[in-house]
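The sequence and structure come first.

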Amino acid sequence: MGELTSAEQEYENLLKAREPVGHSWRLARLADLFMLQGKLQEAKDLTIQGIELSEKYGQNVWKSLWHLGKAGLHITMKNPEKALKEADKAWSAAVEAEYPRGQRSSFSTKAWAYIEMGSIDEAIQEAERLKEMIAESLNQKRMRDYFYLMRKIEIKRENYPKAIDYLKNALSMTCYGPLTKPASWINSLALAYYTNGDLEKAIE
């Protein structure tokens with residue numbers, strides 16, 4: 001915890017810099033630190049500053065990312081309805097900036113919010129929008145994001161065999177080597193096997 005506090009102080013000192021790009025980046029890093037410390041309200045306050053900064057300099061890519069960050073915080077804070085509104089704002093800014101990543105992330109974020117609300121049909125609709133956009137892109141490996149999202153939906157439905165299939169597909173399309181698959185994804189696969197009653201596969 002002492003290291004986090006020290007890092008927080010360093011970032012707060014750096015926030016005094018006037019250069020806008022660096023200032024936005026430092027706000028984001030400090031917000032990440034607050035998240036690690038469980039200081040969700042403080043992190044949310046920084047996202048508001050980030051949105052204001054992006055509007056001041058007419059930076060719609062920043063604006064999209066900040067709204068996505070704020071949406072993620074609302075999901076963590078159990079306010080999925082507010083997350084949906086932020087995701088819509090992120091999408092609008094991403095469209096204006098011609099920023100596909102922001103558009104895709106807004107679909108994913110809305111789906112996660114709907115999952116938290118128990119609105120599975122709406123979550124699937126957002127997942128399909130994500131799938132369609134990825135299908136039109138040059139990098140088809142991004143389909144891993146769709147598969148990972150569908151894995152969450154199937155877990156919510158308690159359809160664990162299907163969730164396992166989706167997660168296997170997602171893992172097969174990661175950009176990482178076999179020894180560096182995202183740990184959270186592998187843990188999710190183990191948990192899905194365990195919940196499905198397959199202890200041997202979970203241990204593997």
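1. A residue counts as exposed when its relative accessible area is over 50%, and as buried when that area is under 20%. The model under review is predicted. Lys 78 has a relative accessibility of 61%, so Lys 78 counts as exposed. Its place is the loop that links helix H4 (60–76) to helix H5 (80–96).

2. Most residues other than glycine have a negative phi. Lys 78 is not a glycine, yet its phi is positive, at about 65°.

3. Glu 98 also deserves a look: this residue is not a glycine either, and has a positive phi of about 55°. Glu 98 sits in the loop between H5 and helix H6 (100–117). With a relative accessible area of 68%, Glu 98 is exposed.

4. How do H6 and helix H7 (residues 120–135) run, and at what angle do their axes cross? The axes come within 7 Å and cross at roughly 160°. H6 is therefore roughly antiparallel to H7, since angles over 145 degrees fall in that class. The crossing of H6 past H7 is left-handed.

5. Which residues make the contact of H6 with H7? On the H6 side they are Pro 100, Gln 103, Arg 104, Phe 107, Ser 108, Lys 110, Ala 111, Tyr 114 and Ile 115. H7 contributes Glu 122, Ala 123, Glu 126, Ala 127, Arg 129, Leu 130, Met 133 and Ile 134. By class, the residues of this contact divide into 10 nonpolar, 2 polar and 5 charged.

How values were computed: Residues numbered from 1 in each chain as written. Predicted model: local features only at pLDDT ≥ 70, side-chain atom pairs only at ≥ 80, totals over all residues. Heavy atoms only, no water. Helix = DSSP H or I, 4+ residues; strand = E, 2+ residues; numbered from the N terminus. Buried < 20%, exposed > 50% of the residue type's maximum accessible area, 1.4 Å probe, protein only. Axes fitted to C-alpha atoms, helices over the stretch in contact; angles between N-to-C directions. Parallel < 35°, antiparallel > 145°, perpendicular 65-115°, else oblique. Left-handed = near helix turned anticlockwise from the far one by under 90°. Contact = heavy atoms within 4.5 Å. Nonpolar A, V, L, I, M, F, W, Y, C, P; charged D, E, K, R; others polar.
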